[in-house]
Amino acid sequence: MRYGHSVETVRRAEAALMARVPEGALMQRAAAGLAGAGTDLLGRVYGARVAVLVGSGANGGDALYAAARLLRRGAAATAVLLNPERAYAEGLAAFRSAGGRVAAADGGARAVARADLVLDGVTGIGGKGGLRPEAADLALAARDGRGAVLAVDLPSGVDADTGEVHGPAVHADATVTFGTYKPALLVDPAAEFAGALRLVDIGLDGDLGAPELEALQHADAAALLPRPSGESDKYRRGVVGVAAGSERYPGAAVLAVSGALRGGAGAVRYAGPGGPAVLARHPETLVSAGSPRAAGRVQAWVVGPGLGDTSQARTAVDDALAADVPILVDADGLRLLTPEAVRRRTAATVLTPHAGEAAALLGWAREDVEGRRLHAVRELAARFGATVLLKGSTTLVADPDPGRPVRVNATGTAWLATAGSGDVLSGLTGSLLAAGLAARDAASLGAYLHGLSARLTPHPLTALDLADSLPAAWHNVSA
Ligand SMILES: NC(=O)C1=CN([C@@H]2O[C@H](COP(=O)(O)OP(=O)(O)OC[C@H]3O[C@@H](n4cnc5c(N)ncnc54)[C@H](O)[C@@H]3O)[C@@H](O)[C@H]2O)[C@@H](O)CC1
Ligand SMILES: [K+]
């Protein structure tokens, strides 16, 4: 599992650790990791030009010590001090004694433009609000310059705890972060500013408390995959019901069933008007034309994709909400649900909105959901007492229990933004629910496999390609 911790948790762990190690040791560990990443980006250090953006805190200190290390290996380095009186004094002294130069008051942009590597040490976890104008200009010069931009701990200007970006921020090619990931590195929009991530161990692990965020890795996904045992038959593996599609949108039925068939359940029951289209593509489906209530026993329901807005659609949603098994509600189901009926449920409920649907459920503007994804997903989970999977550039899964970390999916790709891809995810995740996974595990494993499948499918991909690649994603995880 990859974890993200809040600033408060990091600060507490640092304080505990600092009491046990010699003064300055943590910063030297950080600087060593940073210099190593800088070396990798440069390829050849000797003769390279490094520009160091230095703010007024320890983040600038890390950058200065790292630059001192690069200077000792033959680089030339220029520091751009944003607040010369408050630059980290010991780091600046080490930088100067290794041969580093300080740019003249008006020479910062030139140093940045000429650099092969720009170290962004403006702010780290102590940053508040976006970059101030002078730093914002340098960040632009760094983005437009020829060198690689390496952020120290975080790209300066992003909000460490929320992943929100309120104003200009550094666009990094890579970020070296210390001790643990910070939420901003894992959640958009901030994560888009961070580039490739590298975690440097500074010895915090034993002192870190509970994480804010966690991201499944391959091994975590593998451990969650349902596997049939010797005693399994199709009913013991779980039967998933799919109430999706309509005369108007029969494709959604086909796509949701395609996902469901590849999600580990032993059988898929389809209930609704899309039966002929479903059978034409998937003859193994158990099809009925009525509502979920009349469809026979299942261990989980998926309701919503392509249902439309008919009375039959409303009945399907009401029936699914009334069923005493886990359910997943997506798309039209999210528009048709009664919040009170969701809150009344005792079996698990998973809601899978994209930003627009989340905005409608919350009564927010869509931009607010996109800008405040972590807040939005937590708020939805709390209001509905449900597990919420918020789709998008970084898919998040929040549990109704606010004490549990939000899960962030690391496998997504922009290629998933294709018609019908959400229908496949719904079917897949519902199938994992039917196979017996807990709601947050089903949702986060569903997102993981779905993203991986998109990565394994030749581009540009269609939703059916995506479903067809799910066995390869499954195999990739379990291999
Ligand atoms: N505490 C520790 O043990 C360690 C800290 N480390 C580094 O220390 C950083 C935290 O250092 P600090 O707490 O000094 O804080 P930062 O260096 O992140 O920034 C705080 C300083 O920046 C100013 N500032 C805040 N927002 C600003 C903005 N928008 N524009 C311009 N200036 C702004 C503040 O007035 C303050 O002087 C970490 O991110 C990490 O890089 C590492 O050296 C590892 C060890
Ligand atoms: K930084």
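Predicted model: local features only at pLDDT ≥ 70, side-chain atom pairs only at ≥ 80, totals over all residues.
View 1. Leaving out residues up to four places away in sequence, N59 touches G121, V122, T123, G124, G126, V152 and D153. N59 lies in helix α3, which covers residues 58–72. Around N59 there are 27 C-beta neighbours inside 10 Å, so N59 counts as buried, the cut-off being 20 or more.

**View 2. Surroundings of D120.** D120 belongs to strand β5, residues 117–121. Neighbours within four places in sequence aside, the contacts of D120 are L53, V149, L150, A151, V152, P155, S156, V170 and A172. D120 counts as buried because 33 C-beta neighbours lie inside 10 Å.

**View 3. Positions annotated as "binding site".** The UniProt annotation, from an unreviewed entry, covers N59, D120 and S156. These positions span 98 residues in sequence, but no two of their C-alpha atoms are more than 9.5 Å apart, so they gather at one spot. Two of the annotated positions, D120 and S156, are in contact with each other.

**View 4. The shell around ligand 1.** Ligand 1 is surrounded by 26 residues, of which G57, A58, N59, G124 and G126 are the closest. Two or more residues of the shell come from each of the elements α1 (7–18), α2 (25–42) and α3. Helix α3 gives the most, with four residues. By residue class, the shell holds 11 nonpolar, 10 polar and five charged residues.

Note on methods: Residues numbered from 1 in each chain as written. Chains lettered and ligands numbered in written order. UniProt positions renumbered as here; feature names shortened; annotations may be inferred. Buried ≥ 20, exposed ≤ 12 C-beta atoms within 10 Å, placed from the backbone. Contact = placed C-beta atoms within 7 Å. Near = placed C-beta within 6 Å. Nonpolar A, V, L, I, M, F, W, Y, C, P; charged D, E, K, R; others polar.
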